[in-house]
Amino acid sequence: MPSNETVRLQRTLGGALGVLVLGAALVYHFFPRVFHVDPATLTARRPAPVGFAPRPAPRTPATPLDAEADAGPPLTLAPAAVIAGRMAKGNQHLPEQLSADTPEVQALLARAREALRADRLVGDEDSAAALYTKALHDKPDSRAAAQGLNQVRAQLVAQIGQDVAVGDADSARDLLDGLKKLPNSAGDVAQLEQSLKTLAKVRPMLAEAASLLQQGKADQPQGASALDLYRQVQTLDPQNAVAEQGVFQVQRAVLDRALAAVAQNDFAAADRALAEAETIRPGSQQLADVRNRVEGIRRQRANGLLAQARSALDAGNLDLAQRLAGQAQALQPGLKGMDEFQQQLTNARLYASYKPGQVFSDRFVDLPGHTPAMVVIPTGSFRMGAPEGEDDHTDAETPPHQVALAKGFAMARTEVTVGQFREFVRASGYQPDSTRLGGASVYDERSGVLRDDPRATWQDDYAGRPAPDDMPVVNVSWRDAKAYAQWLSERTGKRYRLPTEAEFEYTLRGGTQTRFWWGGQAPTRKVENVTGSSDRSPSGRRWSNAFPDYRDGYWGPAPVASFAANPFGVYDIDGNVSEWVADCWHDNYVRAPVDGSAWLNPGCSVRVVRGGSWGSSPEQVRSAYRQGADGTVRNARVGFRVVREL
């Protein structure tokens, strides 16, 4: 048997904090009575995970004699003497003392107490156990002797438990031999022997598991990993603290793998590692901490990608912006700001970063001035032409066909005004056809019809009088309209042009399929400058074919934007003046483009005019109505507006 000094040295070396944590936990498992725990209820209790201190129970004031046993750290960290003191208090089986101890017995008790303090528990005749036993033999009713023997037994149980905890089976067996010689020790001996048997089984398994853990085989290969061995130990000993700590370390290794994957920007592998860690110790604090860390890095990376995507979008690199946004979306579904960015990207592709319905104007780059106000028209598709069975329709409006406008564009909110056209003529030196070829058709109040006037020009109104700057320019040819659009392109660096016929009808309808953009019947409010039965000319004339009970207050064009805008935010699209579009005239829509592009033929001279005017009859104001005119025509009822490509 080793000397007491050797035993004390072993305990001192085993007193390192990490070993004591695990050792005391095993003492708790194998010897629950040390902590006043009923073994019958032990299986229903589990220790706190290693590494997290248990919450101490509320303390009650202690007497001086109890101070050492009740003071200090939680019992899972207490030294053997404190554990023994707590145990001894719970195992008092003392005789009724009939008389005082004799001086001889008192001397034995003093020597026994000295041996107990010196940790000479068992062994020779000077050990505490031998001296207390002799005192009890000499005086069987000595309570002090019985109490001292209980203390020796309790301290032996505690020390053997700690030896088991640190894996010192040899020392535990030597002390167990001494315990067997003490009275009332059979229950403790049986439990300790069972603990030694369990230790013999799990000890090599724990050693092999620790070796596998050091080799990096924490959870793989399946069936031959540290985790598999720790699980086997837990099957044999469900409360084994070393196995519990081992499982903790295995999960830590898997979580480290998740963090390593994140460092390589492999979040898919990180997610797989997190899912595996969840199966090892569900809901653990370290799992929650690493998951939050991974999610934070994921969110940071995704936000970084989204910021790069925004920079690419600002630089006009839409393909790169789309790729980066896709990576951010894959990395962090539901990323804040992604929906807004996708809308911006869509607008950039379709509307050059504008939004449908947005109004803007381009400034000239080489001289003062700006373009007419433009409104962004949303992309979409519509049924072009007159629906079957629509009253007053002509063959030129058939067959109806579906047209898709996949690319956004902006259209001038109003017809080009006299003032805007004058700015063009002055700045460019362009000679309009009304001056180059001479004259235009103007309204004759005396006859009530249009007549040719060789003196009329684009500067005149519908009746040949000088026109105010806010009136729509009339008496302009298709060539004049095209020249104005080309001039805007040169002044801004953007592509301006005449609208295609499909773009015009799509914009005129404003998302409707009814006879007129405001509905299927005569207007009941002022929506456009068209013929109304209540309108009167300066001399009192009336329209012979007009909308019943309608009066807009004008005979001839009105200043632009004097009436309501249609659903797409465009004014005077079906009234005031009819307008030139880019297309060549075709007698019907057979083989017409379905993508919204202009239908052109080389060298064509007859162009399409769309939209109603101040002098149009109701059937000529229908959304599907179209007519053709020679491109050189200058007329008091025809003007134009422009489109800007986005």
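In the classification of lining residues used here, Ala, Val, Leu, Ile, Met, Phe, Trp, Tyr, Cys and Pro count as nonpolar, Asp, Glu, Lys and Arg as charged, and the others, Gly among them, as polar. The structure described is a predicted model, and a search of the whole of it finds four cavities of 30 Å³ or more. The second largest cavity holds about 70 Å³ of space, and its lining comprises six nonpolar, two polar and two charged residues. The residues that line this second largest cavity are Met384, His401, Glu501, Ala502, Asp583, Tyr589, Ala592, Pro593, Ser597 and Trp599.

Aromatic contacts were examined as well. Across the whole structure, the search finds 24 aromatic pairs. In the pair formed by Trp517 and Trp518, the ring centres lie 5.7 Å apart and the planes meet at 80°, so the arrangement is edge-to-face, given that planes over 60 degrees apart are assigned to that class. Trp517 has a relative accessible area of 6% and is therefore buried, and Trp518, with a relative accessible area of 18%, is buried too, since the cut-off for a buried residue is under 20%.

Elsewhere in the predicted model, one aromatic cluster is formed by Phe364, Phe421, Phe424, Tyr430, Trp458, Tyr484, Trp487 and Phe640. A contact of another kind involves Trp478, over whose ring sits the charged end of Arg607, at 3.7 Å from the ring centre.

Note on methods: Residues numbered from 1 in each chain as written. Predicted model: local features only at pLDDT ≥ 70, side-chain atom pairs only at ≥ 80, totals over all residues. Heavy atoms only, no water. Phe/Tyr/Trp six-rings, centres within 6.5 Å; stacked < 30°, edge-to-face > 60°. Buried < 20%, exposed > 50% of the residue type's maximum accessible area, 1.4 Å probe, protein only. Lys NZ or Arg CZ within 6 Å of the ring centre and 35° of its normal. 1 Å grid on protein atoms, 1.4 Å probe; cavity = no way out; pocket = protein on both sides within 12 Å on 5 of 7 lines; lining within 4 Å. Points joined across faces, edges and corners; volume = space filled by probe spheres on them.
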